[in-house]
Amino acid sequence: METDTVANLTGAGLQPLPQRPAWAALQVHHREMRELHLRRLFADDPGRGQRMTAEGAGLFLDYSKNRVTDETVRLLVQLAEESDLHARIRAMFGGEKINVTEKRAVLHVALRAPRDASIVVDGVNVIPQVHAVLDKMANFSSRVRSGEWKGSTGKPIRNVINIGIGGSDLGPVMAYEALRHYSQRETTFRFISNVDGTDFAEAVHGLDPAETLFIVSSKTFTTLETMTNAHSARAWSIAGLGGDEKSVARHFVAVSTNAREVSQFGIDTANMFGFWDWVGGRYSMDSAIGLSTMLAIGPDNFRAMLGGFHQMDEHFRTAPLDRNLPVLMGLLGVWYADFFGCQTVAALPYEQYLKRFPAYLQQLTMESNGKHVTLAGDHVAYPTGPVYWGEPGTNGQHSFYQLIHQGTALIPCDFIAFAHSLNPLGRHHDMLLANVLAQSEALAFGKTSDQVKAEGTPDWLAPHRVFEGNRPSNTILAERLTPETLGKLVALYEHTVFTQGVIWQINSFDQWGVELGKVLAQRIIPELESPSEPALNHDSSTNNLIRRYRRLKDQE
């Protein structure tokens, strides 16, 4: 029975992707589409801009400026159906162990399900557990925010520092910056992730230990970078509080599942907030990993964010594939990666509060779909996992947009914009939105040599001022950036990643690629710290670098 289940979850009954009828049809279709310009597509279809849109959970998607026709979308949807996307969605929401390499369910959707929902894992409805943790977080957050929770000297908490790495850092940092407008401004929030001592030193600079609370976020409470920083924070805090080791219990809390290690650190396990092995790190910002977010914006706003996540979850679960925002975006990503050979995607939020959103997407997308083998362990025969990158507009327009407009690489773009500013200031927001619309228009249609010359440009200069256009983009438009909207946006990309993983038949929920370097680092650390010359057994380059570092270190 277990073998049958594993075979089912690895898609053993499906044809390999390159052998599916829709894939073959898309290859033929691409030969027809690759030279077709968006200028022609819009000229031949005046209603395209109104028709090629979709709406769900309060987000509006315009995908008309993509190099697709109705036939392209039909074939891509057919590919999703041949890839059994519907069944995979049901399997995820049903708590099946679709993370086959770790034999785990994938249930970030349970983190934002309502109290009366039921999602069963190994015979247990996990929703009551989820809400018990949320209630515990809310109680603690309210006590800290109100000043009821005090440090060891009786002072209220004025500084909160989250210590984590990967999903335990990128999600909280992104959410704090995105929702800073809603945060408790009299409290300072900082984040430590890098094992580089500078990250720690700058985070605690100028802070009073008596008013500082640390959140140590590590499921196992053994993560090298996180625990190195946590022990430095412990020493800093105790030193600033007169050497009182008992003070740790008032200045540290843990997001972890390892009660023994948490207790040994000095944290009261009553202030340990748990989560589950069916929550992947990069999908965990709405779990207890989001404690710093809740401390910043308050329990009500945090629950509103969860509500936004859930709305997009339901849209993804129930909407027809051809009207489903994450599915459409995922399929368009497959179209560009696998048929046009696009290796990157630019995420371009025109909202300063979303300045860390591209960095968050980097982990979400690339740690998820940066895979070279299928669920069954076979080497993939097609590209997976494009590189995501970006900056908020309009800053990027004065740096890398040059390459997107006139470079040799084809780079699909996601523009994200809001109808209302959280900080209205004269003409600023109209100018911001004008730039969003102008950039997507310029990318799509460009400027021909005839148009350039008609402006009086000399023949010798004209080639330099031509914009080829035909550069694809999506535009995502929402009313305003609220906690609820942020939840919708994150869930949109989570499910886009899922859709692509299903098509590519890869496991979007493990991350074995992060392991090897960490293992080798553990071997190298004692070789760097050894008081005597260590025997080295690396390659000649690594051996030479270790020896050079040791010589430079000894010159201090």
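## A cis bond in a loop

Let's start with Thr394, which sits in the loop between β11 (387-389) and α17 (401-406). This is a predicted model, and in it the peptide bond joining Gly393 and Thr394 is cis, with omega at about 10°. As background, most peptide bonds are trans, and most residues other than glycine have a negative phi.

## The β1–β2 hairpin and its neighbour

Strands β1 (residues 53-56) and β2 (residues 59-62) run antiparallel and are joined by four bridges. The hairpin has two residues between the strands. Ala57 lies in that loop between β1 and β2, and although Ala57 isn't a glycine, its phi is positive, at about 55°.

β2 has another partner as well: strand β13 (residues 473-478), again antiparallel, this time over three bridges. Here Phe60 has Leu477 of β13 as its bridge partner.

## Another positive phi

Asp122 is a further non-glycine residue with a positive phi, near 50°. Its place is the loop between β3 (120-121) and β4 (124-125). Is Asp122 buried or exposed? With a relative accessible area of 62%, Asp122 is exposed, because the cut-off for that label is over 50%.

## Two helices crossing

Two packed helices are described by the angle between their axes and the distance between the axes. For helix α2 (residues 21-33) and helix α15 (residues 325-339), those values are about 75° and 11 Å. The pair is therefore roughly perpendicular, since that label covers angles from 65 to 115 degrees.

Who makes the contact? On the α2 side you'll find Trp23, Leu26, Gln27, His29, His30 and Met33, and on the α15 side Trp335, Asp338 and Phe339. Sorted by type, the residues of this contact come out as five nonpolar, three polar and one charged.

## Gln500, tucked away

Helix α21 (residues 483-504) is where to find Gln500. Its relative accessibility is 3%, so Gln500 counts as buried; the cut-off for buried is under 20%.

Which residues does Gln500 touch, leaving aside those up to four places away in sequence? They are Met329, Gly330, Gly333, Val334 and Asn369.

Notes:
Residues are numbered from 1 along each chain as its sequence is written. This is a predicted model: local features need pLDDT of at least 70, side-chain atom pairs count only at pLDDT 80 or more; totals for chains, interfaces and linings use all residues. Side-chain values use heavy atoms; hydrogens and water are left out. Buried means under 20% relative accessible area, exposed over 50%, partly exposed in between (1.4 Å probe, protein chains only). Contact means heavy atoms within 4.5 Å. Two strands pair if DSSP finds at least two bridges between them. Axes are lines fitted to C-alpha atoms, for helices over the stretch in contact, and angles run from 0 to 180 degrees between N-to-C directions. Angles under 35 degrees count as roughly parallel, over 145 as roughly antiparallel, 65 to 115 as roughly perpendicular and the rest as oblique. Ala, Val, Leu, Ile, Met, Phe, Trp, Tyr, Cys and Pro count as nonpolar, Asp, Glu, Lys and Arg as charged, and the others, Gly among them, as polar.
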